[in-house]
There are 2 protein chains.
Amino acid sequence: MSSNTGMHLVGGRQEAGSGSEFGSFDPRTGEPSPRRFREAGPDQVDRAVEAAAAWVSRKGYGTVQERIALLDGIADALDAAESEIVSVADRESGLGENRLSGELGRTTGQLRAFSAFLRTGDHEDRVEDLVFDGVKLVRSVVPIGVVAVFEASNFPLAFATMGGDTASALAAGCPVVIKAHPDHPETSELVGNLAAEVVSSMDLDGILSVLHGPSIELGSTIVESPAVAAVGFTGSVPGGRALMDLAARRPVPIPVYAEMGSVNPLVVTPAAAESRAEEIAEGYVGSLLLGAGQFCTNPGLLFVPDGDAGERLIEKVGDRVRSSGDHVLLDQRIAARYEEGCRTLTSRGEVLAESLADGPGYRVRAVLVEMKPPLEDIEEVFGPAGVVVRYSSSEELIRLLEGVPGALAAAIHAEEDEPESADLIDVLAMRVGRIVWNGYPTGVAVSPAMMHGGPYPSASDPLHTSVGLAAMRRFQRPIAFQGVPDAYTSI
Amino acid sequence: MSSNTGMHLVGGRQEAGSGSEFGSFDPRTGEPSPRRFREAGPDQVDRAVEAAAAWVSRKGYGTVQERIALLDGIADALDAAESEIVSVADRESGLGENRLSGELGRTTGQLRAFSAFLRTGDHEDRVEDLVFDGVKLVRSVVPIGVVAVFEASNFPLAFATMGGDTASALAAGCPVVIKAHPDHPETSELVGNLAAEVVSSMDLDGILSVLHGPSIELGSTIVESPAVAAVGFTGSVPGGRALMDLAARRPVPIPVYAEMGSVNPLVVTPAAAESRAEEIAEGYVGSLLLGAGQFCTNPGLLFVPDGDAGERLIEKVGDRVRSSGDHVLLDQRIAARYEEGCRTLTSRGEVLAESLADGPGYRVRAVLVEMKPPLEDIEEVFGPAGVVVRYSSSEELIRLLEGVPGALAAAIHAEEDEPESADLIDVLAMRVGRIVWNGYPTGVAVSPAMMHGGPYPSASDPLHTSVGLAAMRRFQRPIAFQGVPDAYTSI
């Protein structure tokens with residue numbers, strides 16, 4: 001086997017695949033990478049899941065102390081390899097070294113945030129009371145079992161191999177089987193191998209597998225494995241829904257925590273437009289075009305009041321979009337879908353501004369379109385496309401927002417003294433998972449209070465978050481011990 | 001319309017149905033009740049859901065103070081009507097006045113437990129932190145939306161009209177549409193009307209509907225209503241799974257919180273059998289035959305060690321089962337399924353004891369069967385049937401328990417000084433939602449630490465409980481407010 005053969009990580013072992021050949025492309029040039037992978041075969045899925053299942057237990061794999069050391073050890077190993085990781089990820093994603101360096105910091109910060117959380121003991125969510133004349137009832141948690149993680153394309157580090165789903169599952173004591181994203185197999189291989197060294201040094205081989213392949217069958221085989229107990233997914237609505245449907249049809253259905261597409265509204269009130277149209281326009285475009293618009297929290301839907309101030313705002317947004325040049329998308333399929341989405345938008349609305357896309361690779365133009373209601377069937381256009389909706393009164397605005405599909409986040413730009421803001425919060429609260437005030441939704445902090453999820457189709461289960469410490473809850477099953485001696489219930 | 005026509009509650013209005021006629025039977029005699037219902041039509045479902053949807057809002061219907069008053073008011077109204085409720089419920093269920101009087105106390109206690117919880121403010125699950133250089137991030141909750149509640153047959157009060165699902169949904173601020181169980185429509189009508197008077201006196205008409213009907217179509221129509229956001233269900237595995245499948249296929253899938261069938265293991269260790277075989281036998285049979293065995297926490301699966309002490313235990317259980325007389329089941333279908341389940345059990349195992357069933361109505365015999373492994377495909381036999389499994393060593397016991405399907409609860413009878421107990425806890429913890437030590441699983445306390453749920457098929461979503469204060473979480477969706485002024489985020 002040549003040194004340019006990409007390897008799967010099956011339990012503790014590196015193995016070549018047996019399926020059809022694939023590899024990544026440089027999005028800036030469209031050139032294929034010399035490193036070739038062969039898709040993982042069903043036997044590799046079986047062995048990966050089996051190796052993981054052997055570690056499923058009430059206390060989780062290892063001790064809590066070992067889990068803390070593992071998460072910190074992986075974070076250290078990734079930080080130490082920053083320049084190599086960033087360089088490989090940049091070649092495969094075209095996202096740029098600055099962004100990827102920041103994303104790696106977020107990734108390792110996330111791993112350390114979970115280890116710090118484990119140190120507090122609060123992750124056990126332990127509740128005690130006395131029932132039936134003095135019998136002690138203790139509710140604690142057990143790991144849900146083997147977790148399958150499906151990597152995202154748009155965050156090759158923070159929502160990928162050692163991203164939020166993996167970090168929260170490992171913190172919860174669950175072994176993981178990761179389906180790497182075919183857009184960045186070399187990044188996943190590198191990160192997976194760095195993590196695997198730490199895993200192996202702690203004699204925990206088996207808790208981590210990384211399987212590569214572009215086919216739907218590979219994902220299906222993983223989700224249908226009887227020992228898989230839960231799925232974490234970040235990606236498109238059709239992709240997430242397919243996994244949801246598959247999981248629901250299993251003999252034993254399992255939860256799929258899918259964080260999917262989202263058209264996130266950003267509302268500008270008349271007073272805010274009046275006092276800071278230019279500032280909001282700048283901020284909006286910055287958020288819209290961040291990462292070539294490939295953020296699940298991209299503020300795609302901009303609500304602007306009729307009138308001079310709103311006009312100024314839209315004009316400024318248009319200017320910035322027009323001069324934004326080209327934007328490199330992650331892969332050819334995403335670029336093609338973006339073009340298709342833009343065609344749908346422009347056929348339904350009026351093009352206000354377009355930038356110029358010129359050059360090799362998966363370059364696209366940024367687009368700003370004005371649309372009229374109804375907005376019910378509006379779908380995410382993944383990439384640098386913004387939609388402007390004008391409104392004439394606060395009543396009309398509320399009516400428009402009532403028609404917006406479920407979303408991850410909304411933003412409101414308002415002044416302090418506008419009584420209508422209460423109504424805006426109330427209507428948006430029933431449609432989104434997070435409301436940002438005088439800010440932009442694209443930054444998602446990893447913190448105890450974070451909620452990154454929302455009503456369908458933005459997420460599969462609106463009760464959970466895929467970012468922040470509460471993400472661990474997805475992989476912890478509550479259990480009550482009634483009258484059981486303490487010695488048997490400790491973790 | 002004669003006074004003997006049963007009525008639906010649609011929003012605030014009492015209405016006759018338009019579908020086919022049905023009514024309840026007295027399980028002790030098999031005699032039909034003179035009160036006849038006609039199944040609710042699709043238009044009634046639509047209007048009930050529409051009336052409920054009008055109350056969906058960020059803060060929930062009414063204020064928290066109003067919700068407290070509502071829950072307490074309903075509890076008071078039900079307590080005041082105790083003798084009538086118990087008498088009607090007894091006629092429709094045959095469960096006996098003592099049991100039903102206790103169940104009503106549990107039902108009203110549950111309503112008051114949720115109102116007391118609302119008084120603490122802890123139900124908001126509020127978490128705050130600072131992100132991005134000092135922006136305040138607050139995570140709170142919003143009501144998930146309209147909740148459809150499917151009543152259970154076996155708890156005509158505590159898991160029915162004003163039972164745990166309704167109480168937790170109303171506490172969470174969600175309007176409810178209840179599908180009454182056709183075994184006890186008059187009980188549901190009476191309890192629903194008592195509750196509706198309180199609802200109406202508080203000008204909250206619309207938050208409560210009670211629809212009657214035996215058909216699968218009625219349930220499907222409710223679950224498929226676009227404005228329904230979540231489902232609570234207590235019943236059989238096929239019934240629960242059908243709703244899960246239906247909800248998963250909706251254009252917008254919604255969570256179904258189904259608490260379903262369960263074969264709950266009860267393990268007796270050699271030392272426990274040695275020291276208290278007779279006491280455990282008495283306790284086991286009491287738990288097994290409680291409510292004619294129609295408890296989801298029925299300890300159907302008894303693991304007994306080989307040897308003299310185990311023999312004594314089994315003999316005593318057999319004696320008690322043999323002399324237990326007849327047992328009145330809830331309806332004809334349940335009785336028929338019980339007989340079918342017993343036939344399956346007896347074809348696979350050896351009958352150790354049988355009681356005599358003699359008399360009218362839905363009377364069945366109690367049965368004790370000894371079975372050999374494998375136990376993987378064992379299914380709940382709803383009714384007074386116990387299965388004995390003998391084991392020869394702690395290794396064999398562990399192996400047997402590893403093959404037990406997901407269950408709501410398990411019990412372990414052991415002495416303090418048996419080191420094998422740690423292994424028993426560890427293996428059972430991965431298969432059940434609650435472990436009872438030297439006790440019986442049939443009592444389920446309504447308390448903060450309670451977990452009444454478990455791995456499939458005992459429940460649809462193992463992360464949630466249908467009993468206890470945490471049951472509210474099923475109907476609360478987290479939301480994060482980032483930098484939003486406090487005035488807009490209060491409840």
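## Close-up views

**View 1. Helix α4 (residues 97–120) of chain A holds both A:R99 and A:E103, four residues apart, about one turn of the helix.** Helices (H or I, at least four residues) and strands (E, at least two) are DSSP runs, numbered from the N terminus. This is a predicted model, in which local features need pLDDT of at least 70 and side-chain atom pairs count only at pLDDT 80 or more, while totals for chains, interfaces and linings use all residues. Residues are numbered from 1 along each chain as its sequence is written, chains are lettered from A and ligands numbered from 1 in the order in which they are written, and side-chain values use heavy atoms, with hydrogens and water left out. Look for the salt bridge between A:R99 and A:E103, where the closest N and O atoms are 2.8 Å apart. The term salt bridge here stands for a side-chain nitrogen of Lys or Arg within 4 Å of a carboxyl oxygen of Asp or Glu. A:R99 and A:E103 are both buried; the word means under 20% relative accessible area, with exposed being over 50% and partly exposed in between (1.4 Å probe, protein chains only).

**View 2. A salt bridge joins A:R276 to A:E415, with 3.0 Å between the closest N and O atoms.** A:R276 belongs to helix α9 (residues 270–289) of chain A, and A:E415 to the loop between β19 (407–413) and α13 (420–429) of chain A, so this pair ties together parts that are 139 residues apart in sequence. A:R276 has a relative accessibility of 14% and counts as buried, whereas A:E415, at 22%, counts as partly exposed. Elsewhere in chain A, you can find a network of salt bridges that links A:R13, A:E15, A:D43 and A:R47. Over all chains, the count comes to 60 salt bridges.

**View 3. Here a salt bridge crosses between chains, from A:R473 to B:D125.** The nitrogen-to-oxygen distance is 3.7 Å. On one side, A:R473 comes from the loop between β20 and β21 of chain A; on the other, B:D125 comes from the loop between α4 (97–120) and β5 (127–131) of chain B. A:R473 is partly exposed, with a relative accessible area of 33%, and B:D125 is partly exposed as well, at 30%.

**View 4. One of the twelve aromatic pairs counted over all chains is A:Y257 with A:F475.** Rings of Phe, Tyr and Trp (its six-membered ring) pair if their centres lie within 6.5 Å; planes under 30 degrees apart count as stacked, over 60 as edge-to-face and the rest as tilted. The ring centres of A:Y257 and A:F475 are 5.7 Å apart and their planes stand at 80°, so this pair is edge-to-face. A:Y257 lies in strand β11 (residues 256–259) of chain A and A:F475 in the loop between β20 (432–437) and β21 (476–482) of chain A, so parts 218 residues apart in sequence are tied together. Both partners are hidden from view: A:Y257 is buried at a relative accessible area of 5%, and A:F475 is buried at 0%.

**View 5. In chain B, B:F155 and B:F159 form an edge-to-face pair.** Their ring centres are 5.1 Å apart, with the planes at 65°. B:F155 is buried, with a relative accessible area of 9%, and B:F159 counts as buried at 10%. B:R99 lies over the face of B:F155, at 4.5 Å from the ring centre. A charge sits over a ring if NZ of Lys or CZ of Arg is within 6 Å of the ring centre and within 35 degrees of the ring normal. B:R67 also has its charged end over a ring, that of B:Y61, 5.8 Å from the centre. Over in chain A, one aromatic cluster is made of A:F155, A:F159 and A:F295.

**View 6. Strands from chains A and B share an open sheet of ten strands with mixed pairing.** The order runs β15(A)-β17(A)-β18(A)-β13(A)-β12(A)-β19(A)-β20(A)-β21(B)-β6(B)-β5(B). At the edges stand β15 (350–354) of chain A and β5 of chain B, each with a single partner strand, so one side of each is left without a neighbour in the sheet. From one strand to the next, the twist averages 20°, using lines fitted to C-alpha atoms as axes and angles from 0 to 180 degrees between N-to-C directions. Strands pair if DSSP finds at least two bridges between them; β19(A) and β20(A) do this in the parallel sense over five bridges. Within β20(A), A:V432 stands opposite A:A407.
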